[in-house]
Amino acid sequence: MNTKDLAYFDELISQKNFSKVAKTFNVSQPTITTAIKRLETEFGAPLVIRDRIQNTLHVTESGAQLAEHAKIVLHELRIAHQEIDNLSQNRLILGLPPIIENHYFPKVGAKLAEAGLLASLETVEGGSIFLRNAVRDGRVDLTLLGSVEPLAYQTLIAEEFDRQPFCIYVSKDHPLAQRKRIYFNELRRENFVFFNSNFIHNTAFNKLTRRNHFRPNIVFRSNDTHVLMKLIGENVGVGFFTRIVDHYRKDVVRLDLMDTEPPEFITSIVYRTTHILTPVQHQLLTIMHDTLAPNEDDSNES
């Protein structure tokens with residue numbers, strides 16, 4: 001079977017138009033027609049029915065079934081191309097969400113330097129949601145991810161190594177700064193500065209706002225923790241971050257949450273179930289296993 005035929009068929013199911021598919025792939029319309037006929041011969045069933053009078057295309061039950069499998073096959077082929085390209089270029093690609101990178105990666109990086117691997121490491125930064133998709137698509141070999149629930153995906157292996165609470169961050173000039181702990185419900189009339197939607201913090205934050213029945217007033221969003229902390233220090237708004245966020249600011253105060261069963265920031269090492277780790281990737285994984293563990297200072301800090 002020609003996998004290009006599957007690609008044409010997948011696009012035809014999406015666009016429902018032979019001419020548009022031909023234009024997408026920069027081929028003639030008869031090329032698409034011939035490809036579909038080959039697939040119908042291969043599977044012994046009609047896949048699409050064309051109504052030339054109404055200029056419509058109907059996907060048969062057999063066609064709908066093949067379309068589901070075609071998506072999987074094409075997705076796996078794209079991953080295979082990406083993985084082999086990474087191998088041919090001796091690339092070692094690790095995904096790192098910013099907060100996780102700042103808190104956990106320095107000790108991993110030190111061990112990688114000792115092993116002579118740091119120079120060959122490429123990192124891809126982004127929120128945990130973006131990197132979860134990146135590891136699925138083969139754009140990164142392994143990634144560290146944050147989540148609010150233990151990760152369980154059929155196509156991914158997730159090895160949890162730490163859990164930390166979420167906290168509230170306020171300016172030292174904020175009335176709540178004299179407190180050590182608060183209930184989330186006390187923030188219903190506050191302004192918030194917060195991450196964009198690509199961060200797992202949004203999932204935890206939304207859980208708490210729904211549980212406490214209020215819609216937060218978010219006055220500013222950014223992916224830059226340092227910018228958000230500066231705004232908090234200027235008393236522009238309140239922040240909601242995992243406890244491991246490194247702010248190092250004397251004008252910002254961290255408050256623990258007293259809510260029952262508050263969400264936790266769970267950190268895991270994640271890679272694909274189908275990915276065959278190279279010796280260098282195995283070495284990277286071993287180093288991460290050996291160095292990534294709960295930070296006792298953070299866990300015991302009150």
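I began with the pairing of S5, and found six bridges joining S5 to strand S12 (residues 264–272), the two running antiparallel. The model I am reading is predicted.

Next I looked up the pairing of S5 with strand S3 (residues 92–96). Two bridges join S3 to S5, and these strands run parallel. Leucine 142 turned up again here, standing opposite leucine 94.

I checked burial along S5 (residues 142–147). Six of its six residues are buried, so the strand is largely enclosed by the rest of the structure. I sorted the side chains by direction: Leu142, Leu144 and Gly146 point one way from S5, while Thr143, Leu145 and Ser147 point the other way. Both sets are buried.

I moved on to isoleucine 200. I located isoleucine 200 in the loop between strand S8 (191–194) and helix H7 (201–211). Is isoleucine 200 buried or exposed? I noted a relative accessible area of 10%, which falls under the 20% cut-off, so isoleucine 200 counts as buried.

I listed the contacts of isoleucine 200, leaving aside its neighbours within four places in sequence. They are Ser128, Ile129, Gly146, Ser147, Val148 and Phe265. Of these, Gly146 and Ser147 are the S5 residues I had noted above as pointing opposite ways.

Last, I took one distance from isoleucine 200.

Methods: Residues numbered from 1 in each chain as written. Predicted model: local features only at pLDDT ≥ 70, side-chain atom pairs only at ≥ 80, totals over all residues. Heavy atoms only, no water. Helix = DSSP H or I, 4+ residues; strand = E, 2+ residues; numbered from the N terminus. Buried < 20%, exposed > 50% of the residue type's maximum accessible area, 1.4 Å probe, protein only. Contact = heavy atoms within 4.5 Å. Pairing = 2+ DSSP bridges.
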